[in-house]
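Please look over the chain shown below, which is a predicted model. The report that follows takes up a sheet, some helix packing and one further helix.

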Amino acid sequence: MTETGRFAPSPSGRMHLGNLLCSLLAWLSAKQAGGKIVLRIEDLDRARCPRVYADQLEADLARLGLGWDEGGSTGGPNGPYYQSQRDEIYHSYYKKLEEAGLVYPCFCSRAQLHAASAPHREDGTPVYAGLCRGLTHEQRRQKALQRPPAMRLVVPDETIAFTDGHLGRYAENLKTDCGDFVLRRADGVFAYQLAVVVDDALMGVTQVVRGADLLESTPRQLYLYRLLDLPAPRFYHLPLLLAPDGRRLSKRDGDVSLEQLQRKYTPAQIVGRLAFLAGLLEEPEEATPAQLIPVFHWDKVPKTDIRLPKDLF
C-alpha cells in the first residue's frame, strides 16, 4: 500500500516557521517511504480563511520545493480539497452519529463553560461536564428559543490509548480528560474533530504529521474513526517551535512569517535552517527538501519543544 501523507494548513494568514517545519517533516516522512502528499485546505472558518491566503500558501510551498501530488487548487480523485466545500460530506457522517443517538444539543455559553466547577485541561479548556446531556425535550425547546445550540457527541467512560510514531504511548480517558465534545458549532459549522477524521479517511491518508499541540485531540479522533467504521492513520506529533523568549509562534503576532523570511533568505537557506532545527543537519546549510530525503529519520527529530536561537533567522 502506498503511503499517503498530508499537509492540512488553516490559511488564516501567512505561514510562520512552525507551519513550515510541520510541512517539511510531513513531506519528508511520506516521500522517504515512497509515498505521496495531499494538500488539504482547512478553511472551515470561512471568515478567517479567505481564498487569497490559500492561494498564497500554495505559491509559498511550491517556491520552497514542498510540492504536493493531489489537493489544493490542483484537485484530484478525492476532492474537493477545501473543507469549506465539503459540508454535505460532513453532514452525511454527522447524521450517522445522530441516528445512533450519540448527539445532543448544548446551549452552554463560553462563559458558562469556563465558569463551571468542572476540571480544566492544562491549556485552560474546560472538561465538559455534560450539563445539557440530560435536558428534557421541553427544556431543549425552551432553550432553543433563546440561543441556537452546538451539537455534542456523547463519550463513554473509556481510556483510549495509541502509540505515536514519534512521541510514543499516549492515553486519555474520554469522559474525565475531555468530556462530550462538539461536532457542530452553534453557527452550523462542523467542528475540526469531525471534519479531519472524515477527510483523512476519505482522502486515503495513512500517516498524519502535525504539531504536539494536537496530540490530545487524537483519542477523540480515534473514537470517531471507530464509531464511523473508518480506517485510522498512524500519527506522528512533532515538537512545537517556540520563539526565543519561549512563546508559541503565532500568525497573529507575526512571528517570523514567511513574508519576512523571504526578504532575507533563499528557499534553500530557509529549508536548511529548518532541517537544522529538526536535527536533520549538523549545520544550518542550504538544502532542498529533495536533498533531505536520504537523511530524514524520526529518531533525529527532538521530542521536546524547540526554542529558536536568536541569531538563526
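## Strand 5

In strand 5, Ala150 and Arg152 point one way, while Met151 and Leu153 point the other way. All of these residues are buried. In a regular strand, side chains alternate between the two faces of the sheet.

Strand 5 spans residues 150–153 and pairs with strand 4 in the antiparallel sense over 4 bridges. Within this pairing, Pro105 stands opposite Met151 of strand 5, and Val103 has Leu153 as its bridge partner. Strand 5 is also joined to strand 8 by 3 bridges, and these two strands run antiparallel. There, Leu153 stands opposite Phe181 of strand 8.

## Helix 7 and helix 3

Two packed helices are described by the angle between their axes and the distance between the axes. Helix 3 (residues 87–99) packs with helix 7 at an angle of about 110 degrees, and their axes are 10 Å apart. Because of this angle, helix 3 is roughly perpendicular to helix 7. The crossing of helix 3 past helix 7 is right-handed.

On the helix 3 side, the contact is made by Ile89, Tyr90, Tyr93, Tyr94 and Leu97. Helix 7 contributes Leu194, Ala195, Val198, Asp199 and Leu202. By residue class, the contact of helix 3 with helix 7 divides into 9 nonpolar, no polar and 1 charged.

## Helix 7 and helix 8

Helix 7 (residues 192–202) also packs with helix 8 (residues 218–227): their axes come within 10 Å and cross at roughly 60 degrees. Helix 7 is therefore oblique to helix 8. Helix 7 passes helix 8 in a right-handed crossing.

From helix 7, the residues that meet helix 8 are Tyr192, Gln193, Leu194, Val196, Val197, Asp200 and Ala201. Their counterparts in helix 8 are Arg220, Gln221, Leu224 and Tyr225. The residues of this contact of helix 7 with helix 8 divide into 7 nonpolar, 2 polar and 2 charged. Leu194 of helix 7 takes part in the contact with helix 3 and in the contact with helix 8.

## Helix 10

How many of the 11 residues of helix 10 are buried? In helix 10 (residues 267–277) the count is 8 of the 11, so this helix is largely enclosed by the rest of the structure. The buried residues are Ala268, Ile270, Val271, Gly272, Arg273, Leu274, Ala275 and Leu277.

What covers these buried residues includes helix 1 (17–32), helix 2 (51–64), helix 9 (258–264) and helix 11 (289–292). Strand 11 (241–242) and strand 12 (306–307) are also among the covering elements. Just after helix 10, Gly279 takes a positive phi of about 85 degrees.

Definitions and conventions. Residues are numbered from 1 along each chain as its sequence is written. This is a predicted model: local features need pLDDT of at least 70, side-chain atom pairs count only at pLDDT 80 or more; totals for chains, interfaces and linings use all residues. Side-chain values use heavy atoms; hydrogens and water are left out. Axes are lines fitted to C-alpha atoms, for helices over the stretch in contact, and angles run from 0 to 180 degrees between N-to-C directions. Angles under 35 degrees count as roughly parallel, over 145 as roughly antiparallel, 65 to 115 as roughly perpendicular and the rest as oblique. A crossing is left-handed if the near helix is turned anticlockwise from the far one by less than a right angle, and right-handed if clockwise. Contact means heavy atoms within 4.5 Å. Ala, Val, Leu, Ile, Met, Phe, Trp, Tyr, Cys and Pro count as nonpolar, Asp, Glu, Lys and Arg as charged, and the others, Gly among them, as polar. Two strands pair if DSSP finds at least two bridges between them. Buried means under 20% relative accessible area, exposed over 50%, partly exposed in between (1.4 Å probe, protein chains only).
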